[in-house]
Every structure is written in C-alpha cells, then in structure tokens.
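Good morning, colleagues, and thank you for the time on today's agenda.

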Amino acid sequence: MSKNVYLTTAIPYVNGAPHIGHAMDYLLADTYARYQKSLGNNVRFQAGTDEHGNKIFKKAKELNVPVQEYVDTNARKFQDFIKKLGVENTDFIRTSDKEHVRRCQEIWRRLSAHIYKNSYEGWYCEGCERFITEKEVEENGGICPDHQKPYEKLEEENYYLRISDFKAEIAQKIESGEMLVLPDFRKNEVLKLLEDTPDVSISRPTEHLSWGVPVPDDPSQVMYVWVDALANYITVLGYPEQDISDFWPAEVQFVGKDILRFHAIIWPAILLGLGLPLPKVLHSHGHILANGAKMSKSIGNVVDPLEVVERHGLTAFRYYFLRHCDTFLDSDFTWDDFERAYAGELANDLGNLVQRLATLCKKADLSGIKFETPKLDAEYKKLMDEFYSSRAFDVAWSKVQDVNKAIDGTKPWMIAKEGDQEKLEKVLKELVEQLLAANALIAPFLPDTSAKILSIFTAEKILPPEVPLFPKG
Ligand code: MSP
C-alpha cells in the first residue's frame with residue numbers, strides 16, 4: 001500500500017553561493033525520494049534557504065546591498081543549483097517568507113510554557129551562531145576551529161528554552177531508536193552532548209541582531225536564527241494552522257554532521273514542546289573536503305559545483321558524489337579522482353557497455369525488449385532502507401560489471417559468426433534483461449542516464465546512441 005513520505009534537507013545560509021558540500025543533502029534526499037517513488041510511495045520533499053542572522057546581515061552591509069535584496073539574489077543561486085542537480089523537491093521555503101515569519105511567531109507563543117527570560121554572559125562564536133561552553137573554549141584554546149576566529153565574550157538578556165523539560169524524553173527516544181540517529185557511531189556522541197546541554201538561549205536583543213523574526217510581544221528581542229531555521233521543516237507544511245499529520249513526522253531529515261547537534265537537541269525540544277512527534281530518522285552525512293582540507297574561502301580551495309557539472313554533465317556529478325563520497329564519512333574531492341571516475345567507470349563500465357550491447361542487438365536485428373522491473377536485489381534494498389546509499393550504489397554498479405563479464409563470457413559475436421540466429425537472439429535478450437535490471441537499480445542515482453538506457457533497449461528497434469552516453473574528452 002502506498003504511504004506518504006516526507007523528507008527534509010538542511011537549509012543553507014545564503015551568505016554566499018552554493019559549494020559542492022551543499023550538494024550532499026540534496027543528492028542524498030533526491031536519491032531516497034526517487035527510490036521511495038519507485039516503490040509507489042507519495043513523496044513530499046522540502047528544500048529551502050536560511051536567510052536570517054548576523055552573518056548574513058553583516059555580509060550584505062559589507063557589500064552595501066539592502067539585506068532583502070542580498071538574500072533574494074543568493075536564494076536564487078540555491079534554487080538554480082538545485083534544478084541543475086536534477087533534484088525533485090516539492091517545496092522550497094525561504095525563512096524570510098512572510099508566512100514563515102508569522103508561523104514562527106505562533107510557534108513561539110505555543111512554546112511559552114517552556115520559555116523564560118534571563119541574563120547571560122558567555123562565549124559566543126558568530127560563525128557558529130551559538131554560545132560556546134567554557135569547556136569547549138578551553139579545549140579549542142579560545143579560537144573556533146571551524147571559523148578560525150577567537151570566541152567573543154557576550155553579555156545579554158535573552159529568552160531561554162528549558163531544554164531540561166525534555167532531556168529525559170529526547171534521550172529515551174534516541175536510545176530506543178524511536179528517533180533513529182544515523183550513522184550509529186554518532187548516537188553516543190549526541191547522547192553525551194544532550195546530557196551536557198544547558199538551557200538554550202533562543203533570542204537576541206535587537207541591538208545585537210535585527211535581521212530575524214521578532215519575538216511576539218517583545219520588540220526588544222529577535223529570535224535566535226536556529227529557532228526560526230529549524231521551524232522551517234513544519235512551517236513549510238502549513239503548521240500551525242494546518243493539520244500536518246499526513247506528512248509529519250518526517251520519514252528522514254538529511255543534515256551534515258556539523259549540524260546534527262541542533263537537530264538532535266534543540267529541534268526535538270521544540271517539537272516536544274509543541275506536542276509533535278519527533279522525526280523517524282536523523283541522517284547525518286559526512287563532509288566533502290577539497291584536496292584533503294576543509295573547503296574555505298580564506299584558504300581559497302572552494303570548488304564551484306557548477307564547474308563540476310559543466311565538466312562532464314550532471315550524471316558525472318551525481319555519480320561522483322553519490323558513489324565515491326561515502327554517505328556517512330568524510331570524503332575528499334579532487335579533480336583527478338573525478339576524471340578517473342568519469343573515464344574509467346562511467347564511460348568504460350557503463351557507456352561502452354551500452355554501446356557494445358546495442359550494436360550487437362542492431363546487427364542481430366533484435367527488436368526492443370518488453371521489460372518488467374524485477375524484484376529489487378535484496379542487498380541493495382536493505383542498504384537503501386538503511387539509508388546507506390553509497391553502498392547501495394556499489395551494489396548497483398557491481399551488477400553493471402556483471403553484465404560486462406556476461407558479454408565476455410557468452411561472446412555473442414562468436415555466435416553471430418556461427419550463424420545461429422535463434423541462440424544469438426536468446427543470449428542477447430538475456431544480456432539486455434540483465435542490463436535493464438541493473439539499470440533499474442541505478443535509476444534513483446542517475447535518473448537521466450537510466451531513462452536513456454531504458455528507452456534504447458525497449459525501443460521498437462534497438463540502436464546504439466549516435467553520441468556515446470559519456471563522450472571522451
Ligand atoms: N543554515 C544552517 C542549516 C539550518 S537547517 C535548519 C547551515 N547552513 S550551511 O550552509 O552551513 O550548511 C548547509 C548544509 O550543507 C548542512 O547540512 C551542512 O552540513 C552541509 N555542508 C556544508 N559544508 C559541507 C561540506 N563541505 N560537505 C558536506 N556537507 C556540508 O548549517
């Protein structure tokens with residue numbers, strides 16, 4: 001029976017253009033969405049942009065551009081980027097949308113039993129947009145390792161969310177897997193963090209932060225950017241005025257490992273405070289490095305994703321990031337690896353295979369195959385259901401390689417030479433069926449290529465593509 005499946009992706013800050021790291025959330029979610037659709041399920045898939053906060057405000061000021069205009073321009077870059085990646089999101093939310101702002105204020109009101117005002121002095125990292133504990137400051141020698149900037153001392157009157165109201169329940173749900181934290185090795189890390197988390201400051205005085213959602217009934221305060229950002233996952237569904245139970249709880253929320261803490265602590269506290277269920281899965285992927293280092297504008301090693309797409313097309317982009325970047329671990333991007341994957345695997349294993357097999361079919365005058373998608377390979381299905389897509393892709397690829405081996409083993413060209421047309425047709429038909437079965441497994445990862453292959457071998461007359469699927473050069 002078909003079911004509703006809601007998937008979400010982290011909403012990037014719009015203080016710059018997208019980089020290749022941003023592609024991970026989208027590609028993982030898109031692959032899973034396509035897989036779910038192929039199982040007949042009804043998918044809702046949110047994406048969006050995180051547009052508030054000081055980082056963005058300061059950047060716009062630096063450039064001397066009105067903030068709204070600045071975020072409009074950058075939000076558009078993310079929307080274009082998602083399209084270029086062939087991502088089939090159903091919703092796109094911007095946190096500067098009026099509806100979102102209004103809904104966040106309503107959410108705040110509904111949380112009021114768990115909110116209190118207090119004054120606080122502590123260390124703050126602007127890059128992380130959060131207060132840092134004394135312990136962390138000590139461990140990092142006073143400098144944020146992610147942003148290479150000294151922590152600042154900040155004293156403020158803030159509203160607080162009483163995380164302590166929910167700690168035990170969140171811990172129980174993580175421990176029991178009711179909210180499954182993936183990968184498993186992050187689970188204990190998150191439980192430890194949760195234990196050490198004090199109540200969280202969820203607002204800033206307007207003199208420190210003006211670009212945000214105003215706290216209802218208190219013009220002196222603006223919501224902390226993470227509160228309004230996290231709320232996007234439900235405001236996009238129309239919460240609170242609409243019943244969201246058709247899609248909430250989310251089947252899976254895709255986030256990078258650096259922001260798992262917000263999704264595993266503050267977000268569940270907000271949801272429990274609202275009386276809403278927690279997402280079924282929190283999926284935290286690894287990071288993409290460039291030549292072994294974290295990508296950063298100051299190091300100057302940021303890889304432009306559009307350049308990567310342009311080099312050999314979208315299929316090559318999706319292939320590299322979905323197969324060569326392990327879903328849960330950090331992975332390195334180098335142009336050499338990318339080129340090798342394109343020429344050695346896509347062009348060689350798959351492109352040549354299609355060319356070769358279609359040419360043999362054409363010579364044998366074999367008509368298109370009536371193909372019904374067979375039952376999914378069990379190992380593949382298990383890996384997809386466990387959200388380990390890079391490994392599932394490995395399984396799919398091994399099936400492609402099996403077809404190459406089967407061609408070498410059955411040697412259809414020899415059968416053709418012997419003139420045994422009946423045997424030739426039987427062998428070729430089996431090979432085509434084997435290829436189409438592998439092709440079905442590839443479909444969620446490389447939808448365009450998979451569609452092309454299907455149309456070549458199911459056409460009335462099988463003909464090799466005039467231009468190879470993956471041209472050299
Ligand atoms: N705005 C917050 C997210 C709010 S979600 C309610 C944010 N934005 S971000 O632009 O810094 O990151 C957006 C997503 O991209 C996050 O999932 C983050 O982990 C991911 N990545 C950012 N750099 C990355 C890599 N180098 N590699 C892989 N993913 C990375 O955090």
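Predicted model: local features only at pLDDT ≥ 70, side-chain atom pairs only at ≥ 80, totals over all residues.

An oxygen atom of the ligand is placed 3.1 Å from an N or O atom in the side chain of Asp25. Which residues come nearest to the ligand? There are 23 residues around the ligand, and those that come nearest are Ile11, Asp50, Gly256, Asp258 and Ile288.

I turn now to the packing of helices. Two packed helices are described by the angle between their axes and by the distance between those axes.

The pair α2, residues 54-62, and α3, residues 67-84, crosses at roughly 105°, and the two axes come within 9 Å. That angle makes α2 roughly perpendicular to α3. On the α2 side, the contact is made by Ile56, Phe57, Lys59 and Ala60, and on the α3 side by Val67, Tyr70 and Val71. By class, this contact of α2 with α3 comprises six nonpolar residues, one charged residue and no polar ones.

The second pair is α7, residues 187-196, with α10, residues 260-274. Here the packing angle is about 50°, and the axes are 10 Å apart. The two helices, α7 and α10, are therefore oblique to each other. The crossing of α7 past α10 is right-handed. Val190, Leu193 and Leu194 of α7 make the contact with Leu260, Arg261, Ala264 and Ile265 of α10. The contact of α7 with α10 divides into six nonpolar residues, no polar residues and one charged residue.

Finally, some details of the backbone. Where do we find cis peptide bonds? One joins Leu182 and Pro183, with omega about -5°, and Pro183 has its place in the loop between β7 and α7. Another joins Trp248 and Pro249, with omega about 10°; Pro249 lies in the loop between α9 and β11. Lastly, Phe387, in the loop between α14 and α15, has a positive phi, near 65°, in a residue other than glycine.

Thank you for your attention.

Methods:
Residues numbered from 1 in each chain as written. Heavy atoms only, no water. Axes fitted to C-alpha atoms, helices over the stretch in contact; angles between N-to-C directions. Helix = DSSP H or I, 4+ residues; strand = E, 2+ residues; numbered from the N terminus. Parallel < 35°, antiparallel > 145°, perpendicular 65-115°, else oblique. Left-handed = near helix turned anticlockwise from the far one by under 90°. Contact = heavy atoms within 4.5 Å. Nonpolar A, V, L, I, M, F, W, Y, C, P; charged D, E, K, R; others polar. Near = heavy atom within 4 Å. Polar contact = N/O pair within 3.5 Å; in protein donor to acceptor, adjacent residues only side chain to side chain.
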